[in-house]
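Below are some questions about how labels are given to parts of a protein model. Each answer sets a value against a definition.

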Amino acid sequence: MWALLRALPDLARLVVRLAADPGVPRPAKIALAAAALYLASPVDLLPDAVPLLGYLDDLLLAAVLLDGILNHVDRRLVLKYWPGSPEALDRLAWAARLLARWVPRRLKRRVFATR
C-alpha cells in the first residue's frame, strides 16, 4: 500500500497526460480532473497533519482512481502515458484493487459514469 503512496507523482503525471488525450472518454476526464484537484488541494477530509490517518483519504482516492482508469480507459493508452514499467503498473493495480474494494461499487461506477 505504501507503494501506491510513493507512486502518487507517477499517477499525477498519468492523470495529466490522460486528461489531455482526446481518446479518453469525457466522464473519465471529469473524474481525473476532480481527483487531481482533490489531491492537489490543501483541504482534505482527513488533514495530512494527522499521523498515518492523514494520508488515508489520499490513498483511497488514488486507489479508486487507478482502479477506475485501468477498468475504463484502454490499457494501451494508459501504458502510453505511464512513466514507469508495465510490471510496476500491474503491481500498483493489484494494490489499488485491494484498497478500492473498500469503496462501494455503485460509487465507483458513478465516478466514472458507467453503468
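Q: Where does Leu53 lie?
A: Leu53 lies in the loop between α3 (26–40) and α4 (56–72). Helices here are DSSP runs of H or I with at least four residues, strands are runs of E with at least two, and both are numbered from the N terminus. The model is a predicted one, in which local features need pLDDT of at least 70, side-chain atom pairs count only at pLDDT 80 or more, and totals for chains, interfaces and linings use all residues. Residues are numbered from 1 along each chain as its sequence is written, and side-chain values use heavy atoms, with hydrogens and water left out.

Q: Which residues make the nonpolar surface patch of about 440 Å²?
A: The patch is made by Leu45, Leu46, Val50, Leu53 and Leu56. Patches are made of residues with over 30% relative accessible area and no salt bridge; nonpolar side chains (Val, Leu, Ile, Met, Phe, Trp, Tyr) are joined within 5 Å, and like charges within 9 Å. Areas come from the Shrake-Rupley method with a 1.4 Å probe, and for residues only the protein chains shown count as cover.

Q: Why is Trp102 called exposed?
A: Exposed means over 50% relative accessible area, buried means under 20%, and partly exposed is in between (1.4 Å probe, protein chains only). Trp102 has 70% relative accessibility, so Trp102 counts as exposed. Its place is in the loop between α6 and α7 (105–111).

Q: What makes Ala40 exposed?
A: Ala40 has a relative accessible area of 65%, and is therefore exposed. This residue is found in helix α3. The C-alpha atoms of Ala40 and Ala12 are 9.5 Å apart, while along the chain the two residues are 28 residues apart.

Q: Why is His72 called partly exposed?
A: The relative accessibility of His72 is 31%, so the label is partly exposed. His72 is in helix α4. Between the C-alpha atoms of His72 and Leu56, 16 residues apart along the chain, there are 24 Å.

Q: Why is Asp67 called buried?
A: Asp67 has a relative accessible area of 9%, so Asp67 is buried. Asp67 is also found in helix α4. Not counting residues up to four places away in sequence, Asp67 touches Ala96, Arg97, Ala100 and Lys108. Contact means heavy atoms within 4.5 Å.

Q: How do you know that Arg13 and Asp10 meet in a salt bridge?
A: A salt bridge is a side-chain nitrogen of Lys or Arg within 4 Å of a carboxyl oxygen of Asp or Glu. For Arg13 and Asp10 the N to O distance is 2.4 Å, and the pair is a salt bridge. Both residues lie in helix α2, three residues apart, about one turn of the helix. Arg13 is partly exposed at 37%, and Asp10 is partly exposed at 25%.

Q: How many salt bridges does the structure hold?
A: The structure holds three salt bridges. One of them joins Asp74 and Arg76, with the closest N and O atoms 3.0 Å apart. Asp74 is partly exposed at 40%, whereas Arg76 is exposed at 66%.

Q: What makes Asp90 and Arg75 a salt bridge?
A: Their side chains meet at 2.9 Å, N to O. The pair links distant parts of the chain, with Asp90 in helix α6 and Arg75 in helix α5, 15 residues apart. Asp90 is partly exposed at 38%, and Arg75 is partly exposed at 37%.

Q: Which residues touch the most other members of the largest nonpolar core?
A: Of its 29 residues, Leu14, Leu18, Leu65, Ile69 and Val73 do. α4 gives the most to this core, with six residues. A nonpolar core is a set of buried Ala, Val, Leu, Ile, Met, Phe, Trp, Tyr and Cys residues joined through side-chain atoms within 4.5 Å.
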